[in-house]
Amino acid sequence: MKLSISSDDNVIRGLENFKKPSWIVLSVLYAACWFSISLYAPVAIRLVMMGLLLAFALRSYIHCVAIFLMVLFIPAFSEMLSDVSRGLDVSRILFIPFLVYSLLQKKVRTLKGAPSILMLVALSLVIGQLAASFQILFRGMPVNAAEVSPSNSLISVLSRIYDNLAIVAFLYFSFTRLTVPHLKWLFMVLMLYGLLFAASILEFNLRHYELLSNPSSDTVIWQNPFFEHKNYWSMILVFVLLFALILHANSNSHKTLLRLCIAVSLLAIATSLSRQAYVWSVLAF
């Protein structure tokens, strides 16, 4: 597999016209969405938030990439429209404008042999998802097949395959359509989302502070309804912490953002009461 960089002047000029979205706007959009989800706001309000995300994403390709990365990275966004339909995931909706924008955008670099590699990855994901679904539906793990109708099970399998392919498409198009400065900026956006992710966890756990002293497997501290099991989301924050530490040690820019990311991630990990996360946090340092 070889990497080749495009020298097309039109490509360079097109990328210079991108408008980088404001850190403040992204933070405000995230905060508004988080509170509408975690406080179980009426469906109408959540639909309005979905509309704002879509409107911001349609402003430009880089805006679309930033918003799509947000809804992919933050598990809580899967709950935004759950009252309307379990299959109506925000990331599934926002993948459509991302895909259209990506196909219209000229390449800044190409990967020779990429079609065959992407086909192999996509096929592997499809086969893996089908195998996992077979285990669930026909061997009763972890749900009983008798409790799932054939139509619902088929939709569920197709939805998961769609999600996996969307992630592969995001990685491929981001790498082939964005310049190195934009990729570096996108990585810092990911650090911002890590900070906001940790802040959401911290806010939710402090809202239920009385459970921190006596957590059990049936409490929201143990099994967060928006971010899943404590060992799951705390380990995500360990990786965020590790990357923030590396960037802080090797970069002279965005120091304030990285320090906030480190501090808030550590505070959120502390409230997880996860021994695994505690150990790996020490190893990250």
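Colleague: What volume does the largest pocket have, and how is a pocket found?

Modeller: Rolling a probe the size of a water molecule over the atoms shows where empty space is left. Here a 1 Å grid is laid over the protein atoms alone, and a pocket is an open set of points where a 1.4 Å probe fits, with protein on both sides within 12 Å along at least five of seven lines. Points are joined across faces, edges and corners, and the volume is the space filled by probe spheres set on them. For the largest pocket that volume is about 1200 Å³. Its lining, meaning residues with an atom within 4 Å of a point, numbers 38 residues. Closest to the centre are Val 71, Leu 72, Phe 73, Ile 167 and Tyr 232.

This is a predicted model: local features need pLDDT of at least 70, side-chain atom pairs count only at pLDDT 80 or more, and totals for chains, interfaces and linings use all residues. Residues are numbered from 1 along each chain as its sequence is written, and side-chain values use heavy atoms, with hydrogens and water left out.

Colleague: Which helices supply at least two residues of that lining?

Modeller: Helices here are DSSP runs (H or I, at least four residues), strands are E runs of at least two, and both are numbered from the N terminus. The chain has 11 helices and four strands. H4 (61-73), H5 (90-104), H7 (150-177), H8 (180-207) and H9 (230-250) each supply at least two lining residues. H7 gives the largest share, 10 residues.

Colleague: How many lining residues are nonpolar, polar or charged?

Modeller: Ala, Val, Leu, Ile, Met, Phe, Trp, Tyr, Cys and Pro count as nonpolar; Asp, Glu, Lys and Arg count as charged; the others, Gly among them, are polar. The lining has 24 nonpolar, seven polar and seven charged residues.

Colleague: Which residues of H11 are buried?

Modeller: An α-helix has 3.6 residues a turn, so residues three or four places apart point the same way. Buried means under 20% relative accessible area, exposed over 50%, and partly exposed in between (1.4 Å probe, protein chains only). In H11 (275-284), Ala 277, Ser 281 and Ala 284 are buried. Seen down the helix axis, they fall within an arc of 60 degrees, so they line one face of H11. That arc is taken from the directions from the axis to the C-beta atoms. On the other side, Arg 275, Val 282 and Leu 283 are exposed.

Colleague: What covers the buried residues of H11?

Modeller: The cover includes H9 and H10 (255-272). Trp 280 also lies in H11. Trp 280 is partly exposed, at 46% relative accessible area. Contact means heavy atoms within 4.5 Å. Leaving out residues up to four places away in sequence, Trp 280 touches Met 235 and Val 238.

Colleague: Where is His 254 found, and what is its phi?

Modeller: Most residues other than glycine have a negative phi, and most peptide bonds are trans. His 254 has a positive phi, near 55 degrees, and is found in the loop between H9 and H10. Leu 273 also has a positive phi, about 55 degrees. Leu 273 lies in the loop between H10 and H11.

Colleague: How many disulfides does the structure hold?

Modeller: A disulfide is a covalent bond between the sulfur atoms of two cysteines. The test is a pair of cysteine sulfur atoms within 2.5 Å. This structure holds zero. Cys 33 is buried, at 0% relative accessibility. Cys 64 is buried at 1%.
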